[in-house]
Amino acid sequence: MKYKELFDTAKWVSPNGKSDTPYIRGEFITKKDVKSAQITICGLGFFELTINGEKVSDDLFTPANTDYHPADRHCTKEYGEILSHRIYSMRYDIKEYLDSKNCIGIILGPGWYKNDGYDTFGWNFSYGEVKLTFKIDIEYTDGEREKIVSSTENLKWTQSPYVISRIKKGDYQDFNTYRLDGWNLYGFDDSEWNNLEVVEIPETEFYVQDCPSDKVIRNIKPKLIKETDDSFIYDMGENITGTPVIKAKTKDICKIDLVCSERLDEQGNIEDYTTHGQKSTFVTDGTDREYKLKFAVYAFRYAMVSKNAEIIDCEVIHTDLPVTSSFKCDNEILNWYYDAYIRTQLDNIHCCVPSDCPHIERLGYTGDGELTCECAMMMLDSEKMYRKWIEDISDCQDTVSGHVQYTAPYSQSGGGPGGWGCAIIEVPYTFYKIFGDISVLEKFIPKALKYFEYLDAHSENNLVISDQPGLWCLGDWCTPEEIAIPQPFVNNYFYIKSINRVLEYCELTNNSKLLKKMEELKTRKVKALIDNYFDSETGNFANNIQGANAFAYDIGLGDERTFANIVKRYKEYGMYDTGIFGTDIVTRVLFENGQEQLAYDLMTSKKLYSFNTWMKSGSTTLPEYWTFKRSQNHPMFGAVAKYLFTYLLGIVNDDNAYESVTIEPKFVDGLNCAEGYLTVKNGKIGVKYEKTESSIHMEIEIPENTTAILSYKDKIYELECGLTKFILSK
């Protein structure tokens, strides 16, 4: 959509470098009784809107983060890549906030738009200076209409108390210097405020945001756990994203320091290693005011505040995605794992972008995102969020070479052409499977083919061996020991897997012309993998290192020895030796091929590299590394959580959007009762079972308009909609 279609004659206005956290205000009068009033507004990076002093919405960090418009980025400067761009605006009904005399007040923050950080190549993340545009449409009861648009003539600005607000660093707030109570009310004296400047309309496409915003989801009562000479330390009880809420303990003007971390050190103090730079300062004004982060969140469990203040509350903040699933059983490790995955995933969705971590990079890594998207689509109300993120992935594909960036929206980062770039194929495929929208597949077939051109351009002898000069070319990532599985092997696995997806695309969209071409391409890539990595004497691929056999077996390669060697390896080792991709692949291959007991044993292993080790450490979110290095809040190892539903509860999606399902639990020793549900397009699908010595008692709930069967011991039972109870003989 073009700018004028949304905003008519409205101007983009900005302090133009003189402030990136301004207050902006203007006044207007309604001439008579108002029938309706609507505002279309965009403030970049983030904005908060008030009318007559009242917040118009509880949305936070709007608009959603995108690759806003062309800017000096590493990929464009170094490689001439051409990306696509979008900017979202918000639309609100404001009739209830209007009076005859009105004041519109907006606070701008830099958000992801003006970021003062630099990437590893020295390129600034910033798109430009903060800016604002809006249009108010008013209809009066007599039918007359009026438009009020942003301009330099009806708006002025001044510095807000939020002097510094950085999404990756935090805030410096000064309510003593900038005492501006009443600034967003009609009649406030703004005679000493500054004039705004008109700036250029960004060169991009404009949309009204249809995906959810961040919100305060819930509140936690912090627990004071330690007092030092100069500070108080509080425990939130879980690793969350959000902000502590602080009050000064004195009426004197003072400075309050806040530090947040994921862990405590051995002495019970804030562990500096996991603060990740999350430090803020608040200067008080002597009033009974509450202080908290404005245009950012921290990711933390523990918070330390200077002794002149106390933390009275904690707001948990992330994109508003209700949890639409449940799982519990008689194994504490699996219960912990489900809860930890859900918490970790929610902590890592902000501005409708699924991130790798919520504190260090905070970026929409395509590898982490494609790996966990099925879990999140299954377990959260996330359709609109993922519809938006699919467009982010599309935007970050170079229209010339087909290269897909490692993050969406784009920011210079690390990854690889296999598990990261293939998100442009895997995420739309998963979206179709969960939500049933085949148009997504039709749109992304040409994008997939363009990506294959890029992979071929970075291949030798049909093996993907490189990416752009200077960029990472990772295979798997975060293996517990040093990465040994060959990068070209992993990259070609993902290439072949992506070809298999496109073959499914072709069948689903009746694209018979493309089928032969894809089959020929697959034959070449499979041959390269076998020629370079298959040992015909042992049946192993890449020496069966770190799940290599499972990678190959997952795409139909190898023989009975290959799978037997997988089983032998993990029965003997008894725990995971794999990274972010291999952990998911090994678990799935075992479940799919009659080794559900071994898959369950790995998921519930009590050896060193295990979910149990994380649980016993007191973690409430999933760490980035098996060894607890760096981030303690990474969703990538949560990809296995989907198997709680697809295998242990046995909810199998036979058709797109679960319109046809098979209930086929994998009953394993050590798990005697389990229950859970998924909420899909047609409603709730629930399974509950409990074993006795001689039988299995089951309850199955199926929604309307859904075809379902129960499969057990080669017998098929047709299921009716509603609740059905079974007693099955062991």
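1. In this predicted model, strands β24 and β33 pair in the antiparallel sense, with 5 bridges between them. Strand β33 spans residues 673-680, and β24 covers residues 325-329.

2. In β24, the covered face carries S325, F327 and C329, whereas S326 and K328 belong to the uncovered face.

3. The structure holds 46 aromatic pairs. One of them joins F667 and Y712 in an edge-to-face arrangement, with 5.9 Å from centre to centre and 80 degrees between the planes. F667 lies in the loop between β32 (660-663) and β33, while Y712 belongs to strand β36 (residues 707-712), so the pair ties together parts that are 45 residues apart in sequence. Both F667 and Y712 are buried.

4. Which residues form one aromatic cluster? The cluster consists of W420, F489, Y493, F494, Y533, F534, F541, F551 and F581.

5. Two lysines are placed over tyrosine rings. K32 lies over the face of Y140, 5.7 Å from the ring centre. The charged end of K629 sits over the ring of Y625, at 4.4 Å from its centre.

Note on methods. Residues numbered from 1 in each chain as written. Predicted model: local features only at pLDDT ≥ 70, side-chain atom pairs only at ≥ 80, totals over all residues. Heavy atoms only, no water. Buried < 20%, exposed > 50% of the residue type's maximum accessible area, 1.4 Å probe, protein only. Helix = DSSP H or I, 4+ residues; strand = E, 2+ residues; numbered from the N terminus. Pairing = 2+ DSSP bridges. Phe/Tyr/Trp six-rings, centres within 6.5 Å; stacked < 30°, edge-to-face > 60°. Lys NZ or Arg CZ within 6 Å of the ring centre and 35° of its normal.
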